[in-house]
Amino acid sequence: MRKAGHIGLFAIIVLLLFVAVSANAGEARDITALCKISTRIGASTLKNALDGKYATRFASGTGERSAISVALPSGEEAGGLYIKWFGQSVTIRIQVETDSGYETIAISNTPYLCDYIPLPEGVTAFRFLQAEKVKGRMYIADMRVFSRGEAPDDVQRWEPSWPKADLLVITTHPDDEVLFLGGTIPYYAHELGMAVQVACVVPATPERRLEMLDGLWHCGLRHYPAFGHFADVFGAKMQDVQKRWGKNRLDRYMVQLYRAFQPEVVVTQDLRGEYGHGAHMAVADAASRCVKYAADPAYDKTSRTEFGVWQVKKLYIHLYEKNQILMNWRVPLDSFGGKTAFDIASEAFLFHVSQQKGIYSVEDSGPYNNALFGLYATTVGEDTAGNDFFENIH
């Protein structure tokens, strides 16, 4: 009887350990609302980093005064800190207090606007602040604290941009990638698992960049998009936008994209700017002209020296009248549980919260049909099937 009792007790202990390990290995919970979060400076605006709104931000002090302290509720351990930076990321150190002062347990220097930082076991309170000798301040649009466990799927852990892309998607502004290019990204990046690189020429506001990242992540993209450095201007005439940006400057940027990412296929926006947007026209115009420039060794020595020259095999332009193909974004996709690329693009657009004004919608019919493209340039022959950007390349 005593032996059996020992066996029973041992089994209970093993079961309890298994339950504890399983719980720890499960999905982490967002426990931000349960934590006590404070700062020595800017306390009145700290709520701007906790309200879930990208339009508001918290601006820290500098040096030691920049620290944000987090105390977890009783019985909880921190598994990770998730920060969405407003405008530009900052190198930070995460510290715990010891008898002799503060000890740094993690450092993050991500170049991305979304940063998830796993924390070691046993952390029940910590603070984070800028790394030593880092100038400026921390500008935080949103932050979350997670319990131990696997970070949820919506926590963005970006991989670097592709060194060699199958498909380069060139969009003018955040949201154009789904409004006018439809199911391109969810279908090719997630369903087919191809190397899809997104480049946004006009990064617009920090708020809109974060919205774009949310939408792209929802589309299944995992390699960080390239953001250009051109001002957000509106002009009904392409020439006005080109004058503001510098036509040659835009061309050099476009050639750099082609040479840096070496895409087989490029997809971009309408030469007539969809609804007449001059910036859309300027981007499409540069994309079309620079296919030739990117392959010319005499053009732009700087990018040629860094990346070499590159010949794009196919360029598709939204709504282009010649050599048209009509993509079917309504086919159920296994990788999205039966949802279609159109469904995912529509959902992704909802992440562009600042653009939900009832004016725009994702449409695969009508005058802005995001399923209709024309083959503007090709080195591999004309399409015959007309339903795949990679026809004649596979």
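# A tour of the sheet and the aromatic pairs

Start with strand 1 and strand 3 (residues 68-71): they pair in the antiparallel sense over four bridges. Two strands count as paired when DSSP finds at least two bridges between them. Strands (E, at least two residues) and helices (H or I, at least four) are DSSP runs, numbered from the N terminus. Now pick I37; its bridge partner in strand 3 is V70.

This is a predicted model, in which local features need pLDDT of at least 70 and side-chain atom pairs count only at pLDDT 80 or more, while totals for chains, interfaces and linings use all residues. Residues are numbered from 1 along each chain as its sequence is written, and side-chain values use heavy atoms, with hydrogens and water left out.

**Aromatic pairs.** Next, show the rings of Phe, Tyr and Trp (for Trp, the six-membered ring); they pair if their centres lie within 6.5 Å, and planes under 30 degrees apart count as stacked, over 60 as edge-to-face and the rest as tilted. By this rule there are 20 aromatic pairs.

Select W158 and Y224. This pair is edge-to-face, at 5.6 Å centre to centre with 85 degrees between the planes. W158 is in the loop between strand 9 (139-147) and strand 10 (167-171); Y224 is in the loop between helix 4 (206-218) and strand 12 (226-227), 66 residues apart. Both W158 and Y224 are buried (under 20% relative accessible area with a 1.4 Å probe, protein chains only; exposed is over 50%, partly exposed in between).

Move on to F230 and W245. Their pair is tilted: 5.3 Å centre to centre, 55 degrees between the planes. F230 lies in the loop between strand 12 and helix 5 (238-245) and W245 in helix 5, so the pair ties together parts 15 residues apart in sequence. F230 is buried, at 3% relative accessible area. W245 is buried, also at 3%.

Then select Y187, Y188, Y316, W329, F373, F389 and F390, a cluster linked by ring pairs.

**Charges over rings.** Finish with two arginines. The charged end of R222 sits over the ring of W217, 3.7 Å from its centre. R330 lies over the face of F342, 3.7 Å from the ring centre. The rule asks for NZ of Lys or CZ of Arg within 6 Å of the ring centre and within 35 degrees of the ring normal.
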